Amino acid sequence: MSGDPTNPVPLRVDAVAKRFGAVTAVDDVSFEIAAGACFGLLGPNGAGKSTLIRSIVGRVRLDSGSISIFGHPVGSSAARADLGWVPQELAVYPLLTCRENLQAFGRYQGLHGNALDDAIAWCLEWAALADRAGSPVRTLSGGMKRRLNMAAGLIHRPRLVLLDEPTVGVDPQSRNRIFEMVEALRSDGTTIIYTTHYMEEAERLCDWIAIIDHGQIIAQGTKEALVAQSFGSRSSVTMHVGATRVDLAAWAAARGGTAQDSVVFCSVEKPAEIAGLLEAASGDGLDVLDVTLQRPNLESVFLHLTGKELRA
Amino acid sequence: MIGTILQTSFRSLRRDRGAFVMSFILPIGFFTIFGFVFGSMRGSSTPRVTVLVVDEDNSDASKSLVRGLLREPSLDAMTHPRVTKENPAPADYTAATAEAAVRSGDAPAALIIPAGFGAHPIAFGPNSEAGSTQAKFRILHDSSDPVAAQVVAGMLEKTVMISMPATMAAVGSQYFDREIGGLTPKQRQQMDQGLAALRKRQDQQDAQPSAATGGSATASPAADSGGMVAVDIQDVVGEKKKSPMISYYAAGVGVMFLLFTASAAGGSLLDESESGALDRVLSARVTMTTLLLGKLTYSALLAFAQLTLMFLWAALVFHLDFFTHIPGFLVMTAITSFAVASFGMLLASVTRTRAQLGAFSTLIILTMSALGGSMFPKFLMSDAMLKVGYFTFNSWAISGYQKIFWRDEPISSLGPEIAVLVGSGVVLFVLARWFARKWEYV
């Protein structure tokens, strides 16, 4: 995928490391993104995701490793032209209108004249903000601000777009609209890096997912592959039990599961195996209140790989 | 409930350590600076009025007066320019060179001791016989310093009284002799002996070393005021100007607020850093140097507009002669705006939060404004304060605007101001760029 110098990959991260004092934020991370892909980068808070994102946009001085965008070193003019970054923060000028913001960010990207006018028109249309072009940002709804934030990052029509949690704090309608915007980009062949804490978003939009924790990529692949790697073909069983003197952790461990408080987490190959599980619980004096059978999804994989403990 | 609000507010303040410290350091620091600066104005640090002395009489009496003026502690009297390496033996001032020096701002006043002073050194009362023939002193002064001429006149009167006792007694005896119909030979002999003793003492006093470095002069309060010496005070600078201090304060106040504006404009960097807009801009095709130059230009243009408005207002309301000084105004406003804009960039780049910027800039700007003459007229400052003022934008800006609007000097005379303001602006901008590295990469 990366060997053809005439057709370089949109993003190559090669053995990147970044330390802040004694803390290693990114630890020897390597990956590539294929052209036209939507690459989901998932990770709990403090996993090193933000440092990796800032490294990709050229805002971090790496301790080692390299990053290239379409074959150009990150930070170079060519790389900057090919990369569009939509930061998590609403990084727009609140007192300017939508159009004025797009003008400013377009000029920062080197656009002028008709090219700039065309880009602004496309952005306003793409973000469904054409009817609010003259409205100051501070008068927009949260969803509109998010869409403008995205548009400002894409004003120069980059070939690689980094969307950092673009749906934070918006209502379902706005979120759906943002999904449509991302899908429109994909249909145009734009390569996308998408970070989110909403697993259903990654499932819907991303065709390749990487999970980062403690500064390292701990798993990557398609959603189906990640589920298969973590759970095989088994389904998860969640069983709530009443107060008991039984050692739930030991009971669950004997059946290949875990327990937390009064909840037992197990897995079964086939749904019919639940009957045997319930029978064993009853025989050991457990008062089963509720049982849920669930096919593992991306969230299951995420929690399985990164654990359930709270992060920073 | 109020307790919770208080607790929350104090905790927030405490978490911004820079702002927290500055909340207490700011007033103490400002007070301390003012205490040192203005508190030291007593005693030997009392502002001395510089006066150039020209002795056109060259009589014993005039020489004695000059020596007395040189000893006068409230005057910085000079009979010739200060000795420098370039000019180790400067010639004494003449009336013409002294007037030129006053016009160029080297001194606020010059005292001309007229020829004939020795013949009729003092007179008692405006209508006295002696007064009618007495030659008048001339005080040439720059009316932008309204205090200097009055101080010189007063000190002249005092010096005549103190430094010329023999002359005083001699003239007094002449009055006495004339008014009571003549002295007896014995009385006249005793009088002559007394006067001889006085002259001896006066000579001994004159032989003592002078406290001043140059020559000196003083004047009585005003011409024909009834004092013992007749004085004619003449404005040689701004004699046709309507408001001597308008250009001074337009510049002084203007620069002070310019500094605040520049600081706030620089603070937009902190806002954009906080919002993430700075990261986004720097990830585009904009370098930090370009960004700072853009912010600097904006800040300088804003400052330029503010100063222009200030001077137009001065022209409209206070009749400042603005429209005949536009070239000089443009030069001074351009360099002043550039310097304060660079200063604002530096302040923003060395602080981390808006609160820190507000506290830090307030301390520095108010201090600079006080020392530089924006809040306190320079003619009331001691020499030490004036020297400290050279480290402020305010002082140089005021000096330049005064040259243009008050002294009607050509743009070529602005060399020192241009060098200092442009030079310091460049240095401050380079420093701001260096400190701005914190925003470039982590």
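Predicted model: local features only at pLDDT ≥ 70, side-chain atom pairs only at ≥ 80, totals over all residues.
A few ground rules come with it. Residues are numbered from 1 along each chain as its sequence is written, while chains are lettered from A and ligands numbered from 1 in the order in which they are written. Local features need pLDDT of at least 70, side-chain atom pairs count only at pLDDT 80 or more, and totals for chains, interfaces and linings use all residues, with side-chain values based on heavy atoms and with hydrogens and water left out.

**Helix pairs**

Helices are DSSP runs (H or I, at least four residues), numbered from the N terminus. Axes are lines fitted to C-alpha atoms over the stretch in contact, and angles run from 0 to 180 degrees between N-to-C directions.

| Pair | Angle | Axis distance |
|---|---|---|
| α11(B) (residues 288–318) and α12(B) (residues 326–350) | about 135° | 8 Å |
| α4(A) (residues 113–126) and α6(A) (residues 172–187) | roughly 135° | within 11 Å |
| α9(B) (residues 246–275) and α15(B) (residues 393–405) | roughly 145° | within 9 Å |

Start with α11(B) and α12(B), which pack at about 135°. That angle makes α11(B) oblique to α12(B) (under 35 degrees counts as roughly parallel, over 145 as roughly antiparallel, 65 to 115 as roughly perpendicular, and the rest as oblique). The contact (heavy atoms within 4.5 Å) draws on residues including L292(B), F304(B) and F311(B) of α11(B), and F329(B), F338(B) and M345(B) of α12(B). By class, this contact has 14 nonpolar, six polar and one charged residues. For those classes, Ala, Val, Leu, Ile, Met, Phe, Trp, Tyr, Cys and Pro are nonpolar, Asp, Glu, Lys and Arg are charged, and the others, Gly among them, are polar.

Over in chain A, the α4(A) and α6(A) axes cross at roughly 135°, which makes α4(A) oblique to α6(A). W122(A), E125(A) and W126(A) of α4(A) meet R177(A), M181(A), A184(A) and L185(A) of α6(A). That contact has five nonpolar, no polar and two charged residues.

Back in chain B, the α9(B)–α15(B) contact includes Y248(B) and M256(B) from α9(B), with F393(B) and Y401(B) from α15(B). The class count is 10 nonpolar, four polar and no charged residues.

**Where the chains meet**

The contact takes 16 residues from chain B and 24 residues from chain A. About 1900 Å² is buried between chain B and chain A, with carbon and sulfur atoms giving 51%; buried area is the accessible area (1.4 Å probe) that two parts lose on being put together, summed over both. On the chain B side, R280(B), R285(B) and V442(B) lose the most area to chain A, together 41% of what that side buries.

**Salt bridges**

A salt bridge here is a side-chain nitrogen of Lys or Arg within 4 Å of a carboxyl oxygen of Asp or Glu. D279(B) forms a salt bridge with R59(A), with the closest N and O atoms 2.7 Å apart.

Within chain A, E201(A) forms a salt bridge with R175(A), the closest N and O atoms being 3.5 Å apart. E201(A) lies in α7(A) (residues 199–205) and R175(A) in α6(A), so the pair ties together parts that are 26 residues apart in sequence.

Notes:
Helix = DSSP H or I, 4+ residues; strand = E, 2+ residues; numbered from the N terminus.
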